[in-house]
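Welcome! Take a moment to turn the structure around on your screen, and then let us walk through it together.

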Protein chains: 2
Amino acid sequence: MKLTVTQENLSKALATVGKVAGGKVSLPVLNNVLLRTDSNRLLIAATNLEIAITQYIGANVQSNGAITIPARLMTEYVTNLPKGNVTLELDGTKLHINADNFHSTINGMAADEFPELPAISDAQSLTLGAAELKHAITQTVFVASRDDTRPVLTGVYCHSHDGGLYLAATDGYRLAERRVADIVEDISAIIPSSTMQDAVRVLPEDCKEIEVMLDSSQVRFLMGNVEITSRLIDGTFPDYRQLIPKETDISFSAPKDDFLRIVKVASLFARESGGSITIKTDVAVGNVSIHSLASQLGENTSEVATKPTADGSVSLNSRYVVDAMGAIDGSSITIGFSGKLAPFVIRSDEDDTYQHIIMPLKS
Amino acid sequence: MKLTVTQENLSKALATVGKVAGGKVSLPVLNNVLLRTDSNRLLIAATNLEIAITQYIGANVQSNGAITIPARLMTEYVTNLPKGNVTLELDGTKLHINADNFHSTINGMAADEFPELPAISDAQSLTLGAAELKHAITQTVFVASRDDTRPVLTGVYCHSHDGGLYLAATDGYRLAERRVADIVEDISAIIPSSTMQDAVRVLPEDCKEIEVMLDSSQVRFLMGNVEITSRLIDGTFPDYRQLIPKETDISFSAPKDDFLRIVKVASLFARESGGSITIKTDVAVGNVSIHSLASQLGENTSEVATKPTADGSVSLNSRYVVDAMGAIDGSSITIGFSGKLAPFVIRSDEDDTYQHIIMPLKS
């Protein structure tokens with residue numbers, strides 16, 4: 001194997017794929033990236049057996065070959081090289097890397113020790129706007145559970161409903177749902193959160209459309225020259241729609257930033273109560289107030305002027321409310337709830353594709 | 001105590017002084033900031049018994065008083081308030097803080113439980129350019145030792161020599177020295193690194209000059225409305241000047257960024273050898289090369305073209321060289337050494353006030 005690539009392309013590709021390498025110490029070759037010529041391109045690939053990321057870059061190939069090279073060292077080395085041409089030349093399992101005044105030899109492992117890259121066939125295929133899908137992922141993925149005892153909740157539920165493609169995630173305490181696009185296909189897949197986060201992370205800047213391929217056990221995101229392939233999570237996602245109230249007894253609208261600020265301030269006094277804040281609407285005064293109490297440190301009450309439809313109060317984890325404000329689009333929000341036990345619903349006044357539900361704290 | 005201040009001023013002052021609070025759990029009041037009216041100003045102060053930071057801000061004082069308030073909560077609370085007026089009103093040891101729609105009560109501790117703020121008298125006084133002193137501190141303080149077994153090496157040696165004021169620091173493996181200004185006074189003080197770092201951190205943006213006051217056991221930095229007072233480190237700083245070679249057998253000049261790059265690249269292969277890289281000059285070829293070797297992973301050689309005065313080689317910890325490059329001004333450096341055991345000297349070709357010495361690794 002002998003070839004020349006540019007430092008810029010190689011460095012970017014290594015940064016893109018290299019991050020999934022190095023998870024499983026039980027199989028040392030998984031610490032490595034696979035480099036393999038393919039006519040006038042170089043394939044760079046890494047996998048942790050759950051997710052595989054591959055990227056092709058243009059290469060001036062003088063002779064074909066393949067090798068695996070320690071991902072971290074290779075990535076850091078190439079990142080630090082000056083811009084310009086980098087020559088890769090294989091000698092047994094030693095890869096000579098030369099660039100300008102930099103001469104290195106990195107010891108690799110044979111390419112045939114590297115796991116087979118996953119294939120996907122008989123797949124459904126959707127083409128989605130890259131910016132749109134990326135935004136929908138960031139609005140939902142953070143809500144997914146980190147607790148492996150219920151694996152289905154650790155993923156994002158990508159599914160069709162009533163002519164729309166939806167992403168939904170819940171950890172049992174809160175739920176985020178985003179309608180992404182109109183579709184005719186019938187889709188149902190639970191995609192691991194880490195795969196979703198990787199897709200957002202490695203999306204090339206110039207990529208305008210993402211092709212999502214789904215078979216019964218795998219998903220692939222095709223993003224220009226970058227591909228992510230991942231297993232799906234097995235199981236049935238809870239029928240979350242029945243939890244979203246159609247109507248609420250109490251509702252109010254408020255500027256998002258003002259509401260976020262009173263929640264943040266209240267949260268400072270809520271540390272010893274696990275983040276608990278109490279939100280109260282007052283029709284007569286015409287405001288919504290948030291109260292929090294730290295027995296040792298003091299207490300706080302903050303208000304925003306608004307016109308609630310009824311009087312009521314509910315206690316919530318302030319962190320969940322802050323997270324929701326960070327995910328919701330637009331400058332004005334409408335909040336609905338029905339007393340101390342029913343779900344608390346947050347929607348944007350300027351975007352009807354997203355809703356965020358928080359379960360109250362028992363108080 | 002009742003007074004009004006602006007959120008902007010109070011927030012900045014709390015951020016400035018609050019960071020030294022909270023170190024000593026043995027004395028709970030040290031978690032607090034002291035607030036005390038002083039005619040038409042409010043004093044905000046915190047101390048950890050080694051360093052005290054105080055700041056005055058303008059206030060509309062309606063009645064005098066003093067209280068101490070938990071630093072972290074107070075700082076975070078005021079930071080999150082909207083811009084505008086904040087009213088502080090004391091009721092026993094409860095401080096009511098009101099701003100716009102935000103109403104809080106924070107429980108304090110009586111001001112007389114707060115330690116006496118340190119006084120300084122019969123002090124020497126120097127007035128120095130703020131930007132100049134800040135830069136000199138950042139060029140030297142990072143070299144100071146973090147090992148408490150030799151306390152004098154954990155400080156920065158601020159002293160006069162031959163009509164100049166110098167800062168010097170060493171951890172026994174490397175040394176940085178910066179000439180700051182011409183002075184006539186006779187100065188000798190070892191200032192704790194943490195005090196130096198705090199002085200840099202809290203220097204107000206609009207402060208052009210810093211007054212440094214020194215008595216036999218304390219230093220005070222007066223920076224506009226902010227004062228830091230700290231104990232000095234007791235003891236005698238080593239006579240480091242005898243370690244700096246007047247001349248070296250081998251020297252070369254190189255562009256700083258090019259030299260930094262070959263050191264960084266070499267350091268990637270030097271992890272298993274504790275960062276050891278070997279620098280070699282070659283008069284015949286006309287370059288300086290850096291070699292590093294990782295027995296498992298591979299090896300690297302990188303060069304920069306230059307005209308060394310003689311052939312030679314020396315092994316160094318690459319991290320120390322990277323640190324030195326980050327501290328030295330200008331775009332071109334001259335390096336001198338005298339073989340494998342003598343000190344390695346780095347100077348800027350554009351600034352003769354700074355020198356950086358690294359002791360070689362035995363190889």
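## Two packed helices

Before we start, a definition: helix axes are lines fitted to C-alpha atoms over the stretch in contact, and angles run from 0 to 180 degrees between N-to-C directions. Please keep in mind too that this is a predicted model. Two packed helices are described by the angle between their axes and the distance between the axes.

In chain A, look for helix α1 (residues 7-18) and helix α2 (residues 71-80), which pack at an angle of about 145 degrees. Their axes lie 9 Å apart, and α1(A) passes α2(A) in a left-handed crossing. On the side of α1(A), the contact is made by A:Gln7, A:Leu10, A:Ser11, A:Leu14, A:Ala15 and A:Gly18. From α2(A) come A:Ala71, A:Met74, A:Thr75, A:Val78 and A:Thr79. What kinds of residues make up this contact of α1(A) with α2(A), by nonpolar, polar and charged? There are 6 nonpolar and 5 polar residues, and no charged ones.

## Empty space inside

Rolling a probe the size of a water molecule over the atoms shows where empty space is left. How many cavities of 30 Å³ or more does a search of the whole structure find? The search finds 3.

The largest cavity holds about 60 Å³ of space. Its lining consists of A:Leu126, A:Leu128, A:Leu133, A:Cys158, A:Leu165, A:Leu167, A:Ile191, A:Met196, A:Val212 and A:Phe221. Two elements of chain A, β10 (124-129) and β12 (164-170), are the ones that give two or more residues to this lining. The 10 lining residues are nonpolar, with no polar and no charged ones.

The second largest cavity holds about 50 Å³. For this one, turn to chain B: the lining is B:Leu126, B:Leu128, B:Leu133, B:Cys158, B:Leu167, B:Ile191, B:Met196, B:Val212 and B:Phe221. These residues count as 9 nonpolar, no polar and no charged.

## How the two chains are related

Two copies of a chain are related by a rotation about an axis and a shift along it. Here, chain A can be laid on chain B by a turn of 180 degrees and a shift of 0.0 Å along the axis, with an RMSD of 0.0 Å. That is the relation of a two-fold axis.

Which residue of chain A has the C-alpha nearest the axis? That residue is A:Arg201, with its C-alpha 17 Å from the axis. The same surface serves both copies, since 100% of the contact residues of chain A recur in chain B.

Definitions and conventions
Residues are numbered from 1 along each chain as its sequence is written. Chains are lettered from A and ligands numbered from 1 in the order in which they are written. This is a predicted model: local features need pLDDT of at least 70, side-chain atom pairs count only at pLDDT 80 or more; totals for chains, interfaces and linings use all residues. Side-chain values use heavy atoms; hydrogens and water are left out. Helices (H or I, at least four residues) and strands (E, at least two) are DSSP runs, numbered from the N terminus. A crossing is left-handed if the near helix is turned anticlockwise from the far one by less than a right angle, and right-handed if clockwise. Contact means heavy atoms within 4.5 Å. Ala, Val, Leu, Ile, Met, Phe, Trp, Tyr, Cys and Pro count as nonpolar, Asp, Glu, Lys and Arg as charged, and the others, Gly among them, as polar. On a 1 Å grid over the protein atoms alone, a cavity is a set of points where a 1.4 Å probe fits but cannot get out, and a pocket is an open set with protein on both sides within 12 Å along at least five of seven lines; lining residues have an atom within 4 Å of a point. Grid points are joined across faces, edges and corners, and a volume is the space filled by probe spheres set on the points. Copies are superposed by least squares on the C-alpha atoms of residues with pLDDT of at least 70 in both.
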